[in-house]
Amino acid sequence: MLLAIQDKPSSLGGAIDFLQDPVFLEIVAITAGVAILVGALLRIRSSLHRLEGRRLLVKYLDGVEACLSGDPETAATVLGSVVDADPENVGARLALGDALYGAQRPVAAHQQHMEAREVFAAGGPQVDLALVKDLRAAGELAEALERVDAALAEHAKDEALLEEAWSLKSEAGAFEGALTAGRSLFQRRGGAKWRERLAGTAARAGMLALSRGEPERAADLFRESLGYDEHNREARTGRALIGSPDDLPLLGEGVTDGPLMLTGADSPAARVLAIFPEAVCGVCGTPREGSAGNGEHARCPSCGDSLPAVYADAELADTLKDAEASVDEIEETDAWFRRLALLAREGDDGARRALIEGGGKALHPLLTTLFESGDSQARLREIVVLLGQRDPEALIDARGTLKAQGRGMLDRLTGRRDPDPALAPVFRRLGPAARECFTAVVNEAGGLADRGLRGLVVDYFVGLADLSAFEDLAARYAPVEIVRNLNRMPAEEVAPLIALLPEGPSFLADAILLDPALEQPNALVLAALQAPEDLQPRFAKVFAARGPGAHVLAALVHHLDEDQTRAKAEQLLTRFRADGLEHLVAAFADPDTPGSAHPSIARLIAACGEHAVPPLVRCFGSAPTEGDDRVVALLASLGEVAVTPLGAAYSNQSRWLGRVGANLLRGRYTRSCIVRALGAIEGAVATKALGALAAEETDPELASLVREVRRRKETP
Amino acid sequence: MSWLGSLNPLRAFSGYFERHPWHRRLLILAPILLLLALLNPVIGSVDKLLALVGKVLEPLINTGVGRGILLVLLLLLICVLVYTFARERVLNVLRRHALSMHLQATEALLRGEHDRARKGFARVLRWGRWIDLSKGPVSAYGSLSIDARLKTARIRLSEDDVRRARAELARIPRAALSKRLAFSYAELNARVFAGHPDHLPDSVLRVLDDSHKAWPQHVGIGELYADVLLQHGDGARAAEVLTETMRRTSKGQAPRVAERLARLHADLARTALHSGDLALAGKNVDRPLRLFESEEARLLKADVHLAKGNADAALAVLSDLATPAAKERLGALLRHEAAPLTPRVLLSRVPRRDSLVVLAEWYLENGEIRRAARALEVCLRSGPPSPRVLALLALARLSQRAPEAANAALERALTTLSARGAP
């Protein structure tokens, strides 16, 4: 080709000749050689120039090697002096930062790394990673997160940075960010280990989304998690939480009423519990086993942390306030029921429910508390009654245990009381539900032998208020025993039984009510008052047979105070008004007697006529009272029949000393009241009586009063 | 002319000459040229000599080959002169150049730019073939070639390329290692042998032993050696190695070794426990607790007590630990046949909510469902609701044939879990 070009007589051929000139080639070769030589020299000069100003190079290299070979403390010491002498040695600064980090001084390490990056523009993924690690070790998670994001924006493919970002964001709870880093790393590395860890991170991110109220996002994340690892427990739990019923084991299936197996793959209970892990990783929160099978700590399947797992519910480690009480409650001991009983006594509904749930087991401690509670028994008694109605045998047993406990010498010496009186009201309220049990007790030899129990049986039958059942007692109990027990019972509880008083001969009427030893006047009165109209004659007969008695009369008068019983009480008192006059007058004069009762009492007193005058006059004291006007009015309402007794009463007030002008003050007020009563009586008889009194009266003031009353009476 | 000081006649122009250096040089040359002009005969002689040389060289200069020969001869002459008069200076310049490259590569390594660093160290190694890099400005540190190889091996190891790392280390003359480099070599060699799949176990042990002897205070080597010894079942020797390392390492590193040693003793105790050697287990279990107070060691101590049937001592240890692992041990104490524990004693010694869960699980497993339910209720009442406890309660209710209560408990468990979300 060259020959062909040479053949052409052109400028190109001249150029070729020139290029083929040996001188030219020599010049080119020499120039090239010189250029290479100069280039090499310049390069060497440049590298030597870089060395200028470098100090303590041996120390620098020594420190770097110490740092790289795992001797951070030596490295930190050596490199510290290098950086002090040669602050612009970026390598020394970076190595010093690494050494300080290795020596667990992250704050100082961060300072060195930061200066290397910001002041000396020492970039690179390793520097960024070091900065992130420094911040993380120093506990500055927020800044570390910012830094790792910035570093990833610059070095998105750096695996070490990606792994650090994954771990850091997981620790900070930014699981979605961690997941992004994890995905990138997984794309580069793959492997089952990363797959499991990624599944854990996705599941954590899903749980977080769920707690934020984003179920759709959570569902996506759980799906992704199960895509990585189909056995991931947390993702399955999460799916169950957002309503995938397939993931919830059928609860009833396989769980029996016997012992439960809480572990094992085949255990239905274990399947349920798997949704609610007990132990989690303390670093990333992934569910973990408490310990491996051989007693070693199991590693976290997600982050690989080997520290012991912690409770998913940290509060499980909280201390119990009263462990002793907890055991008592769990084992339902007497101490626990006694504590409940004390609470129930104060009105605690929860304690009440718990006692009732306790059933027969709660009875003994309840009875003990009841027995010791003195007057504040009402709430406890109600619970015991409920329990006794459900299980009367247990009540009787508990009573027997309690009774047996009090039979010791110490109890006798300390005067421990008999519990039966405290239990009697309970037995009286057990009602028909316990009848079968008590009928059996009545017929049992053991029941008959226990005197206290016999009394309680009587209590039960009295409380039952069933005449036919009460009649059964007659077969096993002597009337005198029944009467004795009836006498200790409150009247209002005996009354319902008496109110059933049958027509004709009966055990109740003949053996009990007519027994003079029966001291239940209030009960009789209450029964009579509660009984319907058609039974009233029966009670009248009983009262007639027993005689009204002071207590009965007082009770009847007392019942005049009450609106419900007033009519019947007045009706009964009509029969015994003469006997009960004193009681009637006392009630009439009593300022505490309600006003509504006064008309009834007044009617009953007025019906007694002139016999009522002396007790009425005795109502006047030596000084005025608020009832005086009422008594004066009642006396006046008696009319002329009262004039003579009033006159006699007037005369009796001063006795014989009055006649001789002594003791003028005695009975002055009473006599003034009598004068007013006489003044209020219509008719000439009263006027005449006033005249006679005026003539006889030696007390000038009273005489003046009598005259004035008479004058007014005579004045039309 | 600074030596003339104030007597310098050109002092007033010093500023001008500093700004115009060629004028200054001309002024200096002027007297020399004047002197040469006066020495004309001498110059004539020199001229004749040069003319003679020219005549000799002229045939060579006129031909290309001759010029080439002349150039080669000239270069040889320069080389001989340099070798004769400035050999060390030139070598030092080249060593400094190699050092500069080495420093650049080191900085790249510190920045994490491994490719750049590896290439840099490769260049240093190439220079090292021609120049002795153990001399020069950093001779006190050691040979740069060896350092470059060590750092290259380190890069290879960080990339999990153990074989190439081993190849680098194999080329290092051990006799030429300085102290620091010998430490590094020992450390890298230990890692390489421990990570190299093809070495015989005895070789690995021998190398690790050498490394440990070379740098006994190095924590990494000690741990590596101990791990390998453990793999060979020589726990006692492993403990010796770590004990020596702990004794000799710095104060800052000692706690880490102590922790590792404690774990090792714990492992030994666990092994002894599983093999039924309670005496050895007891002996080993106290050491970790003396060295480093860890939950694992305390649990192990409880295990040993439990194995000895000393429930009281086990309980004393477990009462301070509130973790799921400790809870498992408490459950084991309840189930222990030789020294069974009563619930009352358990709760009085470990009065925590998790003890109630232990009791509940024990009751459930024994079929005492009512008591289990009560224990769980007490647990729930004594603190915030726990999904796990609620789930157990649901199981207890199911077992009590109370499906509605079970569903309610489970629903509450799910709600609590959902509300709690991620920690």
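Two residues are in contact if their C-beta atoms, placed from the backbone, lie within 7 Å. This is a predicted model, where local features need pLDDT of at least 70, side-chain atom pairs count only at pLDDT 80 or more, and totals for chains, interfaces and linings use all residues. Residues are numbered from 1 along each chain as its sequence is written, and chains are lettered from A in the order in which they are written.

**Exercise 1.** Describe the side of chain B that touches chain A.

*Solution.* First, count: chain B puts in 86 residues and chain A 81. Then find the top contributor, helix α5 (residues 87–111) of chain B, with 11 residues. Finally, sort chain B's side by class: 39 nonpolar, 22 polar and 25 charged (Ala, Val, Leu, Ile, Met, Phe, Trp, Tyr, Cys and Pro are nonpolar, Asp, Glu, Lys and Arg charged, the others, Gly among them, polar).

**Exercise 2.** Find the residues that join α16(A) to α20(B).

*Solution.* On α16(A), look for A:S326, A:E329, A:I330 and A:E331; on α20(B), for B:R371, B:R374, B:A375 and B:V378. Now class them: 3 nonpolar, 1 polar and 4 charged.

How values were computed
Helix = DSSP H or I, 4+ residues; strand = E, 2+ residues; numbered from the N terminus.
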